[in-house]
Amino acid sequence: MSASAVFVLDLKGKVLICRNYKGEVDMAEIDHFLPLLMQQEEEGLLCPVISHGHVHFLWVKHSNLYLVATTNKNANASLVYAFLYKLVEVFTEYFKELEEESIQDNFVVVYELLDELMDFGFPQTTDSKILQEYITQEGTKLEVAKTRVPTTVTNAVSWRSEGIKYKKNEVFIDVIESINVLVNANGSVMSSDIVGSIKLKTMLSGMPELRLGLNDRVLFSLTGRDKGKSVTMEDVKFHQCVRLSRFESDRTISFIPPDGESELMSYRINTHVKPLVWIESVIEKFSHSRVEIMVKAKGQFKKQSVANNVEVRVPVPSDADSPKFKTSTGHAKYVPEKNLVVWTIKSFPGGKEFLMRAHFGLPSVEKDEMEGKPPITVKFEIPYFTVSGIQVRYMKIIEKSGYQALPWVRYITQSGDYQLRTNQ
Amino acid sequence: MEWASQLCENRHIGSKMTDSKYFTTTKKGEIFELKAELNSDKKEKKKEAVKKVIASMTVGKDVSALFPDVVNCMQTDNLELKKLVYLYLMNYAKSQPDMAIMAVNTFVKDCEDPNPLIRALAVRTMGCIRVDKITEYLCEPLRKCLKDEDPYVRKTAAVCVAKLHDINAQLVEDQGFLDTLKDLISDSNPMVVANAVAALSEIAESHPNSNLLDLNPQSINKLLTALNECTEWGQIFILDCLANYTPRDDRESQSICERVTPRLSHANSAVVLSAVKVLMKFMEMLPKDLDYYGTLLKKLAPPLVTLLSAEPELQYVALRNINLIVQKRPEILKHEMKVFFVKYNDPIYVKLEKLDIMIRLASQANIAQVLAELKEYATEVDVDFVRKAVRAIGRCAIKVEQSAERCVSTLLDLIQTKVNYVVQEAIVVIKDIFRKYPNKYESVIATLCENLDSLDEPEARAAMIWIVGEYAERIDNADELLESFLEGFHDESTQVQLQLLTAIVKLFLKKPTETQELVQQVLSLATQDSDNPDLRDRGYIYWRLLSTDPVAAKEVVLAEKPLISEETDLIEPTLLEELICHIGTLASVYHKPPSAFVEGSRGVQHRRLPARAGSGESSESPDVGQPVGAVPDTPPAVIPSQGDLLGDLLNLDLAPPTSSAPTVTPSMQMGAMDLLGGGLDSLLGGDIAGSPAMGAGLASAPVVMPASLGAPVSSGLDDLFDLGGGVGMPTGAFVVPKTIWLPAMKAKGLEISGTFARRAGVIQMELSLTNKAMSVMTDFAIQFNRNSFGLAPAGPLQVLTPLSPNQTTEISLPLSNVGPVMKMEPLNNLQVAVKNNIDVFYFSCQYPISILFVEEGKMERQVFLATWKDIPNDNETQYQIKDCHLNSDAATTRLQSSNIFTIAKRTVEGQDMLYQSIKLTNGIWVLVELRVQTGSPNYMLSVKCRAPEVAQLVYQCYEMVLKN
C-alpha cells in the first residue's frame, strides 16, 4: 500500500539513517539506487520513480540529501511523495535545517520520529507541533512516568492541543497573492493565473471556533448578496482544520485553528491578469564579439502603489565576459555562476517606466554546445493590495470563555512563477 | 556533533583494547568496551553506551554480539533508553531468535504499563519483530491492546494485526483478530477507524478472496463519517478502501460521490488524487443525462489543475494520472490546455508528460496556440524533449486536419534549422502526414531530399526512403537517390534494408525502363547476400511476383494504403479501465497493471470499473468485452505507436486486399452455399438413401440450433469413447510441427506456439506457452470464436503452476466439435483468445482438416458408388500431387492412419486407382479417387463432396500426409 522502508542518503548514496517498516524489501536493495539514478541522469531521463527488479524507489531530494522510499507493491505513489515531503517538513521544524549534519547530530530523535511518523508503512501523526509535545531533542529530561501521548494525537482535532493560553488574544491574517505569468517571445501572454494563500498566525487561548468571511462570488450568489466586488476562486484548498463538508454545502470557512503559524487555505484564480511588471527586452547577440541587452520595465499597476524589491533577471550566454551596465534607476549586477544579469530596483512606483542597458563581450571562439533559452524572470512585492480584489470581510472568533480577540489583516501581492521568454 | 564524537571515542577505545585475549580485532575490542559500559551500574553511562551501539548500528557495523547486554537495559524508567533498546531489538532479533525470547517478558509487562505511550510502544515494536517464537507471546497482549481504553493504543494495535498477519496469517485467523479488527471500523475514534481500515485493506490485498472488507452500505456509511474527522493520511486509507467498493445502484453511487467531493479541497495532493479515483470510478455508474453527472465533471477539473502547482514529484504522479483521465473522459480538461504549457524550469519528466497531454488535448479550437508552443519547444536544447516536441507537431497535423498545413510549414521551418536530430524527427513525422493526407503536401519533397545526407538514424532513413519510393514518379533523380543508399546496403539496419527493397521495387514498377539494373541489384542483395530471413523472404516474394506477373505485382506493391488513424499511443480500453481504478498508485504512474510489476500478485483480480446502471452487466462479468457503460463517448481506434507504425507500413505492401491480386489468392472457389446450414440437410438427405452408416452420420451431425445441444454432446462422447473402432489405432497420424501463433512481442511477453492433432478419436490442440516477460504469468484461460466446424475447448486451459519468466509449459487441450458454428474464411481458420493475469490476447491459426476426419469414415462400397454418382460432377475438383514417391500400398497405409479409408483399389494399365472415403466430424462425407501411376511421382487426386469448399483443404491434407 505504501512504503516498505524509508532511507535518508547522502549525495554519494551512503545510508545515513533508515527505517525498515515492513520487512518485505531487502534493505541492501538501496545500494542500487544511486547508480541507477546516475545512469538516468546521464541519459537525461531522470524520473522520480526508479525500479530495480521488483523493487521501486520513490525519491525526493532535499539540500544534500536523498529521501527514498522503497516498495515492491503497487504502492500509493502520491501518498509516498506527500509523506516524504512531510518528513522534510517535520525534520526541518525540528532541526531548523535538514541536511547531512543535522541528521547525524540528532540520530536518536530521527529514529524516534521515524517510529512515530509511520507504522508498517502507514503514515501516522505527522503534525510537528503535536509531536514536539512528546518527542523532544532533550530526551534526557523525559522520565517515563511523566511523558504522555497528548490526547491531541488521536483526537478529531489532531492539530491543536488543549490548554493553550495567551494574555492578549490576537490573530494575524496574511493574504498573499502570487502572480504566475508566462509571456511569449513576441509579447503575448500565454498563460497567467493567481495563486492566493491565506496564512494565519494564531495567538488565541483555549479552543476557539473561527469563521472567515471572504468576498467569495459563489457565497454571494448563494446568499443573494450582490453588493460590492466579489471574486471567483477557481479551486480552493484547505488546511485539514477546515470543515470541508461545511464549505461544500454552504461555503462557510469554519475551523479550530492550529496554534501559531499555519497556512489556512490556498486558492487559484484563472482570470487573465495584466502582468503587473511588464518587461520589454531586446537582446542582440553578435557572434564572436558581443551581446547587447536593452530591458524596459514598466509598472502596470495603480500609481498609488509601489512595488518593492523588484528584481529583473536577464539571462546572458555562459561565455560572456566584461560586463558594462547603464540603468535609469536601481543597479545591475552580473552573476556569472548563474549566467544572469540581476537588475534590482528597491522601490518601483506604479505607472513608471525604467530602462537598463547591458553590454557583454563574447569570445572569438564559440562553444560547441547549444545553450538553452532561459526566460527573463521577475521578482517583486506590492504591499496593501491584492490583484484579484479578494478581501477578508470578517473573522469571527468564538471561545467558550468569551474573550474578545482581534483579527489583523495584511494584503500583499508578489511575483510567483513570472517568466518572459526571449528571442535569444 | 554527538554522533561524530562518539565514533571518535569508539575508535580511540578500540585501539587501546587491541590486545584483548578474547577479541582479536580492534573492532571487537570496541565491542568489549561497549559490553562493559552496558553492564555499568550507572544509568547515564548505560544510556550513553546504548546510544553508541545504535550509532554503530546506524553506520552499518554489526553489533549483534551485544544482544544480551542491550536487552538487559530494556527494563528502564527512561523512555528514550527504552525506545533505543526497542530499536536495537527490531534490527537484530531476527538474527538472534533464541536470545530475543529474553525480551518477551519485558514486552508483555510493558503492554500492561499504566502509561499508554509505553503500552503502544511495546505492542508496536513486538509486531516488528519477525520471530515466530515471539509471535506466540504477542497474542495475549495484542488482544488486550485491541480493547485498550486509550485510542492511541488501539490505533497502534490495529496496525499490529496487519503485521502479525504478515508473519503468521493462520495464527491471526485462529485467534479471531480479524473479527476484532472489523469491529474497530465502528470505533468511536476516527484515527482507530482509519488504521483499522488500512490494516484490513493491507490484509485483503494479500488475500484477495477473503472478502475481509465486506463493504456494505452500513459500513460505507461509517467510513464516510470517519472521513470527515480523521487525519489526512487516514482519509487516504479510507478513500482507497472506498474505491474497492461497487455501489449497488446509481443512487448509492451518487450519494457516495456527494460525500467524497469535499475532499477535492484538501491541501494534501494525495488526498485529492484518492478522491479523484473514487469519483472517476463511481461516476461510471451515473447516467450521463443526470444533472449531477455534469456537475461532477465540472468539479473535477480545478483540483486536477491545482495539482500542477504541487512539488515536482507529485506533479509527475498527477500528470501521469491526468494522462489516463484525459483518455477516459476528455471532456473534463478540454478547456485547460494552457496549464500544460511547459515552463523552462520544469524538470524533464514533467516537461515530457505535459507535452503528451498537450497533444491529447489538441483540437481545432486551440491548435494555433499549441503549435506556437511546440515550435518554441523544438528550439530548446534538451534532445529528448525537442524530439518529442517535433513528433508532437506531426501528431497535431494528423489529429487536427485544419492545422495540417500549418504543421507542415512549421516542420519545414524546423528542417531549415539544420539541427540534425530535429531534421530527422521531422522527416519521420512528415512521412506520416503524407500517409494521412495523400497528394497534398508532396511539394515539400524537394526540401526533404536536400537533407538526405544528414540522416543517420535508421527510422529517419527508412522514412526518407519510403517517401522516395512512394513518390518516385515525381522525383526526377529517385533512382540516384535510392542507388546512393544501396552502396552500404549491408551496413544498414533491417528496417532500412526492408524499406529500401520495397522502395526500389516501387520505383521499378513506376519507371521500369531505367531501373531494371537497380532492381536486380537490390533483389540479389536481399536474397543472396543477406542472412536475414525476413529480408530474403521479402526479396523472393518480390522477385517471383515481378517475374511471373508484373501486372499483379503492380497491383500488390502499389496498392492503395489504408489511412492511418488520428490518435496514437492510446491505452487499450480494458487496461485503461483497470488503471483508472488504480489512480494515484505506481500502476497509474507506470501505466501498467499491478500484476505486471508486483511479484506474487497472481490471483489478484483485475480491477474493473462498475457498469453503468441499467446496462445489466455486473462488474464481475468475466467476459473480455467492455461493460456497456465503459464505452467512451467516441471510442477512438487504437493504432500502434510511432515505433510500430513504420513496421506496419512496411508490411502493408505485402498484404493487399486479396481481390486486387488474383495470383496470390489460393485457387479456392468458395461457393456461396452455406456449408453448414442449408447445405447440410441435402447432404444428410443424400446419405439417408440406403446408408447403413446413417445413424452414426446423423448422431454426429452438428446442430446449429443451440436449443438442441443435447445431441452433439452425446455424439462428442461417442467420439471420445469410440476407441474400439481403432483396432489398428491411428496413433501414427501425421502432426504438423508447432508453429508460433502468437509472438511474444504482440502479447506482452507471452509466446504461444502450437499445432493440432487427432489422438484416439479426440481432437487435441497442443500448445506451448512460453513466458518471455519479466513477471510471473497466471490465470490462463482460452476461448474460441465461432468457427466453421464448431470447434471449442472441451475443458478449461489447465496451466497448473504459474508460469515463471523464461519457463515453457506444454499443454494438450482436448477440443469438442459442438461449439457454435460460423463459416470462416479460410474455412479452417480458428480465432482464439487467450487470457492471463496481464491481458487478453487474440490470434488466429489454421488447423489441418485431417483432425476432423473421424475414425468411422469407412463407407460401404455400395454406398460409395451410389454417392459418387449422386454428387454432381460440378462438385468434383482435381489436383495433382507432385513428387510423391510412395507406392499405392504405402500410400494406403499412411492415409489410413489419418482416417482416410481406402474402400477399393483398381489397377488399370499400370495405374492404381484408389477409392477412398473420409467423414468429417460434422457428418460431411468426402469421396476421393487417387490415381497412382507406377513409376511416376505424380498422383492425380479427384475430390467429390457435397460441400466443395472442403476439397482444397482435403487436397492440402493429402499433400501433407503423403509427403511427410
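This is a predicted model: local features need pLDDT of at least 70, side-chain atom pairs count only at pLDDT 80 or more; totals for chains, interfaces and linings use all residues.
**View 1. The interface between chain B and chain A.** On the side of chain B, 108 residues are in contact with chain A, and on the side of chain A, 90 residues are in contact with chain B. The area buried between the two chains is about 8800 Å², and carbon and sulfur atoms give 58% of this area. Between chain B and chain A the count is 10 salt bridges, and 37 residue pairs, with both residues at pLDDT 80 or more, are in polar contact. Sorted by class, the side of chain B that touches chain A holds 55 nonpolar, 24 polar and 29 charged residues.

**View 2. Salt bridges between the chains.** Side chains of opposite charge can pair when their charged atoms come close. B:Lys163 forms a salt bridge with A:Asp119, and the closest N and O atoms of this pair are 2.8 Å apart. A salt bridge also brings together the side chains of A:Asp417 and B:Lys343, with an N to O distance of 3.4 Å. Because A:Asp417 lies in strand E23 (residues 406–420) of chain A, whereas B:Lys343 lies in the loop between helix H18 (312–328) and helix H19 (348–361) of chain B, this pair joins two chains.

**View 3. An open sheet of 3 strands in chain A.** The strands follow the order E12-E10-E22 and their pairing is antiparallel. Strand E12 (253–255) and strand E22 (392–398) stand at the edges, each with a single partner strand, so one side of each is left without a neighbour in the sheet. From one strand to the next, the twist averages 15°. Strand E10 (residues 209–214) of chain A pairs with E22(A) in the antiparallel sense over 6 bridges, and A:Gly213 stands opposite A:Tyr394 in E22(A).

**View 4. An open sheet of 5 strands in chain B.** Here the order is E1-E2-E3-E6-E5, again with antiparallel pairing. At the edges stand strand E1 (739–742) and strand E5 (792–793) of chain B, and each has a single partner strand, so one side of each is left without a neighbour in the sheet. E5(B) is joined by 2 bridges to strand E6 (residues 808–816) of chain B, the two strands running antiparallel. Within this part of the sheet, B:Ala792 has B:Ser816 in E6(B) as its bridge partner.

**View 5. Strand E20 of chain A and its pairing with E15 and E17.** Strand E15 (residues 290–299) and strand E20 (residues 353–361) of chain A run antiparallel and are joined by 9 bridges, and the bridge partner of A:Ala297 in E20(A) is A:Phe354. Strand E17 (residues 321–327) of chain A also pairs with E20(A) in the antiparallel sense, over 5 bridges, and in this pairing A:Lys326 has A:Arg357 in E20(A) as its bridge partner.

**View 6. Two backbone details.** Most residues other than glycine have a negative phi, and most peptide bonds are trans. A:Ser322, which lies in strand E17 of chain A, has a phi near 35°, a positive value in a residue other than glycine. In chain B, the peptide bond from B:Glu825 to B:Pro826 is cis, with omega near -5°, and B:Pro826 has its place in the loop between E6 and strand E7 (829–835) of chain B.

Technical notes:
Residues are numbered from 1 along each chain as its sequence is written. Chains are lettered from A and ligands numbered from 1 in the order in which they are written. Side-chain values use heavy atoms; hydrogens and water are left out. Contact means heavy atoms within 4.5 Å. Buried area is the accessible area (1.4 Å probe) that two parts lose on being put together, summed over both. A salt bridge is a side-chain nitrogen of Lys or Arg within 4 Å of a carboxyl oxygen of Asp or Glu. A polar contact is a pair of N or O atoms within 3.5 Å; within protein, one must be able to donate a hydrogen and the other to accept it, and residues adjacent in sequence count only if both atoms are side-chain atoms. Ala, Val, Leu, Ile, Met, Phe, Trp, Tyr, Cys and Pro count as nonpolar, Asp, Glu, Lys and Arg as charged, and the others, Gly among them, as polar. Two strands pair if DSSP finds at least two bridges between them. Helices (H or I, at least four residues) and strands (E, at least two) are DSSP runs, numbered from the N terminus. Axes are lines fitted to C-alpha atoms, for helices over the stretch in contact, and angles run from 0 to 180 degrees between N-to-C directions.
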